[in-house]
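Here are my notes on the model you sent over. Have it open while you read.

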Amino acid sequence: MDETASYPPIEPSNFDLIVIGTGLPESILASAASATGKNVLHLDPNPFYGTLYSSLPLNELTSFLRSQSQPLTPENDESTPQLLTLPLYSSIEINSLSLEPIENSRKLNLDLSGPRVLLCSDSMIDLILKTGINQYMEFKSVDASFVGDAEGNLGSVPDSRSAIFKDRSLSLTEKNQLMKLFKLVQGHIGKESGEDDLISEEDLESPFVEFLNKFGLSQKLKSIILYAIVLADHDQDNLENCKDVINTKSGIDHLALYHSSIGRFPNANGPMIYPIYGQGELPQAFCRRAAVKGCIYKNGLDSFNETFETPFGLGLDVRFVVFKKLRCDLGWVLRMPVAALLMDKDGLTYKGVKLVSGQELFSNQLILAPCFMIPSRLTPAAQVANSYDVGRRDAKEKVARGICIAKSSVKPEAANCLVFFPPKSLYPEQKTTVRVLQLSGNVAACPSGMFVTYLSAMCDNAVEGKKLLDAAISALFSLPICGNSENNGIEKLSEHTDSKPILLWSALYIQELTMFQDSFNSISFTPLPDEHLHYNYLLDATEKLYQKIYPNEEFLTQTNLPEEPVDDDSSELD
Amino acid sequence: MHGRPRKAPTQEEQEASSLKAVKLRELQSQLLNFHRNKIYTKEAVDISTKLLESNPEYYTGWNYRKLSVQNLLESALDSDSVQSILDEELRLVENALKQNFKSYGAWHHRKWILSKGHSSTDKELRLLGKFQKLDARNFHAWNYRRFITALKEIPDEKELQYTTDMIYDNFSNYSAWHNRSVLLSHLMEAREGGHSGKENVLGEEFEFVRSALFTDPDDQSGWFYHLWLLYQTLKREPLLITSWPSTGSNIQLSVNGYLDGQSLLPVLHFQSKARKYPIILCFNEAVEGVSSSTVTVECEYHAGDDLIWIPLSANKLDFAQAWLTYLNFPDEVNSLKPYSVKITVAHVPGITSLSGAPCSTTHTSFTVCVPLNDLKHAEVQTMERISWKEENFRARATQPQDANLLHSLGYLKITMENKPSASDWSMETIFTEIAHCRELLSATNCKIGKLTLARLLMAHNTLISYSRPNDGAEIHYDEILALYRDLMKMDPKHLCYYEDEYSLALLKQLTSNTESLLKYSYEYQESTSPSMKSSLCLRLNGLSLSRLGSMECLLWVQMLDLSHNKLRSVEGLEALQLLSYLNLSNNKICSFTALEPIRMLKALQVLDVSYNEIGAHSVDSSRYLCSSPMNHAVGNDWNFEEFANGGIKLNDHWDAFLVFKDLNLIQLEIMGNPVVNDQLKAFLFKIMPALKWLDGEKCN
């Protein structure tokens with residue numbers, strides 16, 4: 001702990017709120033609290049932004065995964081409960097399949113909780129626009145979506161009028177039916193109050209799959225709508241055993257969200273966009289906003305202005321400067337490992353935190369990223385999840401995530417694309433959808449000429465999760481055969497597997513979706529990264545948490561940030 | 001750019017616009033001054049720039065600009081200064097288009113500048129890209145695009161790909177589909193000879209547009225393209241389809257005014273007296289160029305004069321579907337021996353359709369027996385008043401010999417050699433399209449789909465009738481009629497169109513074979529005067545017809561009852577040159593000008609237009625379309641003074657004069673029309689001296 005000495009002391013030592021962790025929910029909360037004039041200290045023990053939502057170079061990603069997979073041994077100090085790391089990841093499996101190491105592995109920005117994208121009309125984008133942080137970020141649209149099968153055949157997802165028209169795999173009747181459904185949804189959403197309902201109340205409450213059946217859609221179209229557009233996780237055809245039956249109302253709402261996302265921004269050709277440099281940019285942008293709004297600078301913390309250089313007025317290279325900078329001192333957030341919690345004498349009431357530097361800081365409220373753990377106590381355990389529908393979630397459920405690196409695209413005509421493997425598409429017992437997001441160098445996920453692919457699937461256990469991801473990987477990639485006759489092997493392989501990209505590196509891990517934590521007054525845990533492809537539920541959970549902590553305060557109202565140089569004219573949210 | 005409701009201007013906007021108007025007015029008066037005095041100084045040109053950039057709609061400004069450019073170019077010293085003059089103009093147009101990218105004047109000015117010498121068409125394409133991104137359907141931009149691509153000699157294939165991309169982007173783009181049809185027309189023409197080439201192209205296009213139709217059947221742009229493809233599929237060279245006398249018929253003109261046991265109706269009687277014999281040729285579409293050089297008539301006793309062919313068309317173009325000539329018999333020809341007439345159509349090129357396709361060669365021949373030239377016997381019998389009362393008609397269908405009668409009258413018959421053969425490919429294509437259309441309609445109730453199905457079925461019937469005449473198999477008239485009845489209910493806005501199409505289909509059905517036609521054939525016999533010879537009357541009354549068609553099958557008709565229909569026009573009747581008795585009562589004819597085709601019926605003696613709507617509508621839109629003294633199409637030779645003495649103003653009744661002045665009517669019913677008054681009646685007597693009965697009154 002040589003670094004300890006380099007941490008400057010913090011003055012003063014009393015805050016309204018201390019936030020530990022710079023994951024997306026923590027950053028949003030810090031930003032929201034500081035916007036209402038709260039005195040906020042934002043700390044992160046890691047030398048990078050994002051905590052569980054970060055985008056990291058290859059080696060840092062693997063070491064972070066490993067560090068979060070085993071609990072630290074707690075010391076027995078009753079008065080100051082140690083802040084421990086909770087094992088969130090398990091069954092980590094890293095495969096380096098290439099004989100050569102991945103070149104430029106530092107240029108990779110690998111998402112820790114991928115695959116994840118933004119829908120142009122979703123609440124996250126609205127928040128980004130409302131808070132003005134779009135000026136800190138750039139986005140690129142996801143080129144296309146596909147539905148895959150076990151052989152790796154990728155069929156397009158006809159999700160718009162022109163896509164239906166162009167699609168060559170749909171029959172004429174299918175085209176007609178699909179467009180009719182889309183029009184019905186648009187009519188239903190767009191109807192004036194008082195007009196006759198296009199879809200009956202009874203239908204809205206019934207399972208969406210039954211509504212689609214009533215519409216006479218083919219199995220193929222149903223599958224596309226349910227798993228590639230409405231983004232269902234569980235097999236909707238098997239209603240008795242389905243853990244999450246999507247009803248018609250939410251199905252239609254999602255279809256409408258999807259459609260309103262198409263064409264919202266003139267530069268985005270599809271409904272989905274992805275932040276350049278990875279999803280880790282998002283929490284970072286909120287931190288920056290929090291800083292602008294006064295988080296940690298407030299109330300005479302002038303000394304910090306020297307240590308934490310304000311980013312204003314740095315020319316066009318702001319992003320890059322900042323990106324490098326945060327690795328040393330985290331621009332707007334104090335990089336500061338926290339050693340322990342300070343509790344009242346009864347050991348049940350939170351008072352503050354003790355830094356590794358030994359300094360003690362006090363606050364009324366503490367927000368912790370879910371990867372931290374307070375040693376178990378007498379208090380009843382509280383469930384931490386992305387609190388959307390906690391009651392319904394099966395506590396055993398986990399999400400299996402995977403990251404693959406290859407040198408060619410799974411679909412030659414698309415650089416950034418989504419692939420969905422609906423239930424039963426990979427093997428008969430497949431119960432959940434495997435979602436895949438491939439990103440290319442043009443979103444700075446990797447150097448150009450390389451492709452990073454994220455996979456995720458819901459599972460009950462690691463065995464099932466690995467099986468799901470392995471099946472999807474073998475459908476999409478060809479695995480190089482290592483050995484002496486390496487050259488021959490690859491040649492043979494390329495004959496048999498057409499143009500499937502060769503897998504160079506992969507990481508598979510299982511992430512918990514539910515955690516049990518001791519509950520204290522004044523201490524809150526932010527939601528875990530969820531299994532979804534977008535941020536909507538996570539944002540809902542974050543907002544709820546904020547309302548719980550500050551019931552009388554508004555959550556991130558419309559504000560204008562001070563003018564800053566716009567990085568690039570290709571910014572799509574202008 | 002489309003489907004956006006117009007918002008009422010706010011107070012400020014109104015004020016701003018009136019302020020702008022004041023400024024523009026000032027600039028305009030300055031510019032007019034410069035224009036008048038031919039001042040092209042820099043200051044003057046700058047004023048025009050200012051004006052046109054804020055109001056590109058000011059056409060005079062563009063004209064002034066052209067004059068000034070010409071003026072400047074004359075004094076330009078080198079190519080550089082020429083270029084800078086032109087560049088300045090291009091810049092002005094670009095700014096003007098930013099103000100209003102649908103300004104005709106601005107786009108035209110740009111074309112004009114480019115015709116003066118262009119440096120960079122690439123720049124033009126980039127500019128177009130911008131405008132087409134702003135509004136992909138902007139037809140000005142598309143129009144200009146065609147101009148540029150022609151200038152730049154961009155191959156049609158490449159442009160075709162561009163339209164494909166635009167259509168993929170959004171297929172509700174009439175302009176892109178239209179450009180596609182233009183390009184494909186060029187490409188198909190270029191691949192002349194390769195017939196399968198055209199078939200392949202059309203086949204692919206049908207498939208391409210089908211995706212659009214199924215995806216969004218309510219979007220009409222694809223349907224319009226589909227209609228174009230349908231025309232291309234059916235497109236064929238013009239062809240003689242019927243004639244009168246018909247091929248193989250044997251017409252005997254007998255001395256006592258009878259024709260084959262039938263009462264010889266006045267037309268033949270009258271014309272045989274004059275030793276003239278009418279010949280009518282009917283084509284499947286309007287053609288031009290029918291003349292003695294393109295049509296030869298071989299005939300034993302032909303007088304040898306060059307025949308004059310008259311187009312039977314109400315509009316004054318040289319195109320007509322039916323053409324008329326008269327064969328003259330010299331006096332010495334008076335033999336009972338039948339002598340044959342052979343007509344060869346289009347033995348030399350010259351007959352072409354509106355689209356320029358040449359007519360293929362066909363023949364028709366018939367025989368005629370000419371009566372003795374005996375004036376004593378050929379006296380016109382005393383004409384009784386014709387009464388269209390129901391009791392005077394007797395159905396003929398029950399009498400089997402009538403079938404022969406119809407044939408002898410030259411009822412529709414075309415010989416095999418004249419029969420257009422439908423290609424297997426077009427037949428197959430129509431079949432496929434019908435099947436797809438039915439599939440679509442089974443899933444979606446869409447009006448334009450129904451209309452297309454009706455059109456396809458009609459096309460199918462036409463093709464079928466070419467290959468298998470009088471064969472009822474797979475003829476879909478009832479389905480077509482049902483579709484149109486459906487459409488009338490579904491889409492009352494276009495009721496008139498559907499009624500017209502319904503009428504055409506119904507007439508096609510009625511004339512499709514002898515049996516069906518027989519059901520509408522009656523024998524006319526005046527019950528009160530049994531001495532009068534009976535006549536054959538075709539009664540198409542009470543059928544809700546709003547428009548006439550299939551006239552090529554009715555060339556033989558001399559007595560026609562069209563009463564109690566919904567006819568608004570009688571276009572097409574002009575082909576029925578033998579027509580002597582015509583009943584148009586109880587229709588919806590609303591002006592005399594709507595009767596214009598009747599002018600050409602030289603044999604017409606009895607006309608009933610009672611109970612129509614002539615004079616009921618103060619605004620007669622057809623007035624502006626037909627020949628009238630107002631557009632100087634007719635009337636130059638009319639003697640307006642002639643009637644002045646009788647206290648009748650020709651000006652008040654020119655439309656009646658136009659229709660009736662050349663007719664030799666003996667009987668006219670006109671009552672029940674708002675226009676009728678004593679003055680008009682007096683006028684009608686005056687212009688038709690032969691008139692014996694007017695509204696049942698015998699005249700003196």
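1. Is A:Ser261 buried or exposed? A:Ser261 counts as buried because its relative accessibility is 0% (buried is under 20% relative accessible area, exposed over 50%, partly exposed in between, with a 1.4 Å probe and protein chains only).

2. A quick word on ground rules: this is a predicted model, where local features need pLDDT of at least 70, side-chain atom pairs count only at pLDDT 80 or more, and totals for chains, interfaces and linings use all residues. Residues are numbered from 1 along each chain as its sequence is written, chains are lettered from A and ligands numbered from 1 in the order written, and side-chain values use heavy atoms, leaving out hydrogens and water.

3. Back to A:Ser261, which sits in helix 9 (residues 248-261) of chain A (helices are DSSP runs of H or I, at least four residues, numbered from the N terminus). Leaving aside residues up to four places away in sequence, A:Ser261 touches A:Leu119, A:Cys120, A:Ser121, A:Gly270 and A:Pro271 (contact means heavy atoms within 4.5 Å). A:Met272 is 11 residues from A:Ser261 in sequence and 7.2 Å away, C-alpha to C-alpha.

4. Now have a look at chain B. The largest nonpolar core has 146 residues, and B:Leu584, B:Phe660 and B:Leu668 touch the most other members (such a core is a set of buried Ala, Val, Leu, Ile, Met, Phe, Trp, Tyr and Cys residues joined through side-chain atoms within 4.5 Å). Helix 15 (residues 447-467) of chain B gives this core its largest share, 10 residues. Another core, of 132 residues, lies apart from it and includes A:Leu84 and A:Phe372.

Conventions
Helix = DSSP H or I, 4+ residues; strand = E, 2+ residues; numbered from the N terminus.
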